[in-house]
Number of protein chains: 2
Amino acid sequence: MNRVEFRKKILAANDAEAAMLNEKFAATGTFVVDLVSSPGSGKTSLLEATALQLADSVRVGCVVGDIATELDAQRLRNAGLPAHQIVTGGACHLDARLVREGLETAGFGELDLLFIENVGNLVCPASYALGDDVKVALLSVAEGHDKPFKYPAIFARADVSLITKIDLLPHVDFDIAVAREQIRSLNPDAEILEISTRAGKGIDAWCRLLRTRSAAKAAVAPAP
Amino acid sequence: MNRVEFRKKILAANDAEAAMLNEKFAATGTFVVDLVSSPGSGKTSLLEATALQLADSVRVGCVVGDIATELDAQRLRNAGLPAHQIVTGGACHLDARLVREGLETAGFGELDLLFIENVGNLVCPASYALGDDVKVALLSVAEGHDKPFKYPAIFARADVSLITKIDLLPHVDFDIAVAREQIRSLNPDAEILEISTRAGKGIDAWCRLLRTRSAAKAAVAPAP
């Protein structure tokens, strides 16, 4: 078996496992968000801010993937979000099996909203379905506006793109119009929000989006 | 063959190809630097600034890996640095074969100093030898000081770590002492420099390091 065939086999096995997760989430009406970005684009900070707005009224849980350390799950628990760390031990992305096993261990009970915080990597997570309803790509303004075209698979697959750390705009060379244009040309239907967790900007719009989509999914779930 | 065995086979083939590259670089006394980091940590900007100081006196060339686009090679050529783009078409890291083929196509002639700008990814490039003398890891202060422990393989293997975009320090929560401590605990001999290409800080020290190490390698190369 050559490299391409081997990769196809791995992806097919993952797709099958992701489809099972997807069915399970459909049955419970759980809306599932896969957060993907470079290291340090602000995924964990965003979830901390999200927890403050949603955790009282929505049953939220979070599984967090990292190569090493339990730091992020600890941060999220400190913010009041039930969180389980998946340590991939070198693997550069989460896969559906890791998510299923993580959820079994976490034992969150029924959730309205599940966040999957992927490993910080703009490349590999693009190929792995996780049973999620939406992939959300974060791009911090410190990274540069040329990144969507340089990492097209992620931005093409993300239905929502968040331009983060916009409080840094006065200090970096980042053209929001160019970034938006690149994202839109990769995914014409992408919703694009501008966020600064540090300055508290854009969090309301982000939480509104989550409430709306999560309610829409719950509305079509079978009665318990 | 299972996943682990398949990966071992791929890495062994890469190591063999990298050893051949290494021999070739030893014969010509070419000092080879593999630059690795997250997307948007400032690899290309650093090379632009480096070109300004070195390109007149040192024979420099650069191969640049990206998933997509020729943007970075074009930027480097505009800065006066002979550069060749390797478009990986999805692959999340360079490997020794891609570097060899890239160099054959580029036809730089003999070089004193070759930069390999890897794909923006803090995970996968750690496993692939490229015939280089030194791996240099960049970490921008916008990414957070917790990243070395979260991506330990790269920082353990990098003999030089560059903390970049230090002009942003007043605007982000980044503790340089913590970052240095994490890097040192992963690699006690790592040289750590603080850099801002935007403010022109640290570039002199970086270029001195390159001149010294490159001269040391040339000194032990066989006479032409």
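**Sheet, helix packing and chain contact**

Chain A holds an open sheet of seven strands, ordered E3-E2-E4-E1-E5-E6-E7, with parallel pairing. The model is predicted: local features need pLDDT of at least 70, side-chain atom pairs count only at pLDDT 80 or more, and totals for chains, interfaces and linings use all residues. Residues are numbered from 1 along each chain as its sequence is written, while chains are lettered from A and ligands numbered from 1 in the order written.

**Sheet**
- Strands E3 (83–87) and E7 (191–194) of chain A are the edges; each has a single partner strand, so one side of each lacks a neighbour in the sheet.
- Twist averages 20° from one strand to the next.
- E2 (residues 60–66) and E3 of chain A pair in parallel over five bridges; pairing requires at least two DSSP bridges between two strands.
- A:Val63 has A:His84 in E3(A) as its bridge partner.
- Helices (H or I, at least four residues) and strands (E, at least two) are DSSP runs, numbered from the N terminus.

**Helix packing**
- H1 (residues 3–28) and H4 (residues 96–106) of chain A pack at about 35°, axes 8 Å apart.
- Axes are lines fitted to C-alpha atoms, for helices over the stretch in contact; angles run from 0 to 180 degrees between N-to-C directions.
- H1(A) contributes A:Asn14, A:Glu17, A:Ala18 and A:Leu21, and H4(A) contributes A:Ala96, A:Arg97, A:Val99 and A:Arg100.
- Contact means C-beta atoms, placed from the backbone, within 7 Å.

**Chain contact**
- Chain A gives 30 residues and chain B gives 31.
- H5(A) supplies the largest share of chain A's side, three residues.

How values were computed
Two residues are in contact if their C-beta atoms, placed from the backbone, lie within 7 Å.
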